[in-house]
Structure formats: structure tokens, C-alpha cells
Amino acid sequence: MSIESTTPLLHYFESGNIFSGSDRNKRYKIFPDKEGNMLCKLWFGNLCLEKTDPEGVSENTFPVTEEGRSEMIRWLTEAEPVNGKNG
């Protein structure tokens, strides 16, 4: 299944919910931040976020809008590890 098909619709994030997902070796978790945006953390490997080296975690913030959700899905889909770490 693709990241796009498994990522919840906008109302899920508007309600302040947290979502975590994976696509093969790619892992991600989406949190509400203090400004009401979606904070997305991305890493590669088999470990959970809490057990992953912080240097191997990328993060990006997106507005809670349809455009923000689309941009977040694009960022997650296109992400590739760089030199053994996230890009």
C-alpha cells in the first residue's frame, strides 16, 4: 500500500491525532505541533522512533490544509536515505 492511501484524511489531523506508518524500510510519525501544524518525523530502519539515533531522523512541518497534507505525502514518498541517514 502507498503512503498516500494509508495516510488519514485531513479531519484526523484537525482533531490533533497522532499517526504513524511505514512503507518498506521507511518509517514516519505525524504529530500536531503547538502552532496547529502537522510535524512529520521520518527515519529508515526497523527501530521505533524512540530507539532510533536522533541524527537519523528528519523532520518537516506542514500546515493542516489539503495542500499541506499533499505536500507532506509528497515529501514522505520522495524521501531517500542519504549516506545511511535520512534525506
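Hi everyone, and thanks for coming. Please keep in mind that what we are looking at is a predicted model.

Let's begin with the rings. How many aromatic pairs does a search of the whole structure find? There are 4. Take Tyr 12 and Phe 19: their ring centres are 6.3 Å apart and their planes stand at 90°, so we call this pair edge-to-face.

Now look at Phe 62 and Trp 75. Their rings form a tilted pair, 5.8 Å centre to centre, with 55° between the planes. Phe 62 sits in strand β4 and Trp 75 in helix α3, so this pair links distant parts of the chain, 13 residues apart. Are these two residues buried or exposed? Both Phe 62 and Trp 75 are buried.

On to the charged side chains. The whole structure has 3 salt bridges. In one of them, Lys 29 meets Glu 50, with 3.7 Å from N to O. Lys 29 is in strand β2 and Glu 50 is in the loop between β3 and β4, so the bridge ties together parts that are 21 residues apart in sequence. Glu 50 itself is exposed, at 58% relative accessibility.

Another salt bridge joins Glu 59 and Lys 41, whose closest N and O atoms are 3.8 Å apart. Here the partners come from two strands, Glu 59 from β4 and Lys 41 from β3, so parts 18 residues apart in sequence are tied together. Lys 41 is partly exposed, with a relative accessible area of 22%.

Then there is Glu 71 with Arg 74, at 2.7 Å from N to O. Where do these two lie? Both are in helix α3, 3 residues apart, which is about one turn of the helix.

Finally, a backbone detail. Most residues other than glycine have a negative phi. Arg 24 is not a glycine, yet its phi is positive, about 55°. You will find Arg 24 in the loop between β1 and β2, where it counts as exposed at 75% relative accessibility.

That's my tour, and I'm happy to go back to any of these spots with you.

Methods: Residues are numbered from 1 along each chain as its sequence is written. This is a predicted model: local features need pLDDT of at least 70, side-chain atom pairs count only at pLDDT 80 or more; totals for chains, interfaces and linings use all residues. Side-chain values use heavy atoms; hydrogens and water are left out. Rings of Phe, Tyr and Trp (its six-membered ring) pair if their centres lie within 6.5 Å; planes under 30 degrees apart count as stacked, over 60 as edge-to-face and the rest as tilted. Helices (H or I, at least four residues) and strands (E, at least two) are DSSP runs, numbered from the N terminus. Buried means under 20% relative accessible area, exposed over 50%, partly exposed in between (1.4 Å probe, protein chains only). A salt bridge is a side-chain nitrogen of Lys or Arg within 4 Å of a carboxyl oxygen of Asp or Glu.
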